[in-house]
Amino acid sequence: RECSARNKVIQTKTAEELAAMVGNDLWLLTQELDKLTAYEEGPEITPKAMQKLITPNLTISIFQLTDAIGQKKLQNSMKILQRLTTQNEDLFMVFHMIVRQFRLLLHISELLKHGEKAQNIANTLKEKPFTVMNTMKQCKAFTIQELQAIITVLLEIDVRIKTGKLKTTIGDHRELQCALEQLIIATCLQDMASSGLTAQLP
């Protein structure tokens with residue numbers, strides 16, 4: 001409907017990709033459609049234009065990152081992390097949202113193991129059903145042991161930040177970025193849960 005009002009068309013798959021990039025923010029969706037309409041000379045809004053013009057919001061980017069890690073897509077995972085570090089996002093915020101998402105994955109995986117349904121999980125964790133449903137799909141890519149191993153490393157990083165062993169300053173989060181990159185590499189290339197591997201932190 002929004003596209004029709006702008007005399008543009010958009011394929012269903014492309015519309016789904018656009019929705020995934022902007023989330024549930026209708027105001028942001030309107031702004032991005034205005035941007036795409038002004039850019040596109042032809043009648044159709046294309047995926048190529050979206051990739052060029054639209055930066056996914058932080059929540060969506062974190063979800064995409066954990067999804068890529070779960071699928072062991074190293075190059076894509078590193079690309080998403082790099083995008084987050086170059087689009088003026090607070091890397092501490094990024095780190096804590098990564099921790100939150102993996103904790104959510106672990107909680108949901110454990111509840112699914114005990115036979116809980118999506119609505120009950122949403123009620124128990126006080127999360128939106130939409131969030132739970134999407135995270136349940138991600139759970140299939142991880143074992144509980146693997147999630148526990150990842151969270152252990154993330155907590156190690158957190159302790160190192162708080163004790164000053166991992167040095168970060170305003171405008172210089174290179175060591176934190178390096179630690180996250182090492183965790184991504186370890187997870188994508190090795191079976192952390194069975195090998196007992198933890199990322200070698202700075």
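## The enclosed cavity

The largest cavity in this predicted model has a volume of about 70 Å³. A cavity here is a set of points, on a 1 Å grid over the protein atoms alone, where a 1.4 Å probe fits but cannot get out. Grid points are joined across faces, edges and corners, and a volume is the space filled by probe spheres set on the points. Searching the whole structure turns up 1 cavity of 30 Å³ or more.

Who lines the largest cavity? The list reads Leu65, Ile69, Ile98, Phe102, Ile150, Leu154, Leu180, Leu183, Ile184 and Thr187, where a lining residue has an atom within 4 Å of a point. By class that makes 9 nonpolar, 1 polar and no charged residues. Nonpolar covers Ala, Val, Leu, Ile, Met, Phe, Trp, Tyr, Cys and Pro; charged covers Asp, Glu, Lys and Arg; the others, Gly among them, are polar. At least two lining residues come from each of helix H5 (58-70), helix H7 (91-113), helix H10 (144-162) and helix H11 (174-189), and H11 gives the most, with 4 residues.

## The chain as a whole

Now step back to the chain, which has 12 helices and 0 strands. Both are DSSP runs numbered from the N terminus, with at least four residues (H or I) for a helix and at least two (E) for a strand. Of its 202 residues, 39% count as buried, meaning under 20% relative accessible area with a 1.4 Å probe and protein chains only (over 50% is exposed, in between is partly exposed).

Take the contacts (heavy atoms within 4.5 Å) with a separation of 6 or more: residues 24 or more positions apart account for 68% of them. The accessible surface of the chain, from the Shrake-Rupley method with a 1.4 Å probe, comes to about 11,800 Å², and 53% of that belongs to carbon and sulfur atoms.

## Two open pockets

A pocket is an open set of points with protein on both sides within 12 Å along at least five of seven lines. The largest pocket holds about 720 Å³ of space. It has 23 lining residues, and those closest to its centre are Thr59, Ile60, Phe63, Phe130 and Asn134. Helix H2 (12-22), H5, H7 and H9 each give two or more residues to this lining, which splits into 8 nonpolar, 10 polar and 5 charged residues.

The second largest pocket comes in at about 470 Å³. Among its 15 lining residues, Met21, Gln51, Pro56, Gln64 and Arg83 are the closest to the centre.

## A look at Thr135

Thr135 sits in helix H9 (residues 129-139). Is Thr135 buried or exposed? It counts as buried because its relative accessibility is 0%. Leaving out residues up to four places away in sequence, Thr135 touches Phe63, Gln101, Leu104, Leu105 and Ile108. A polar atom of the Thr135 side chain also lies 2.7 Å from the backbone oxygen of Thr131.

## Reading the numbers

Residues are numbered from 1 along each chain as its sequence is written, and side-chain values use heavy atoms, with hydrogens and water left out. As the model is predicted, local features need pLDDT of at least 70 and side-chain atom pairs count only at pLDDT 80 or more, while totals for chains, interfaces and linings use all residues.

Terms used:
A polar contact is a pair of N or O atoms within 3.5 Å; within protein, one must be able to donate a hydrogen and the other to accept it, and residues adjacent in sequence count only if both atoms are side-chain atoms.
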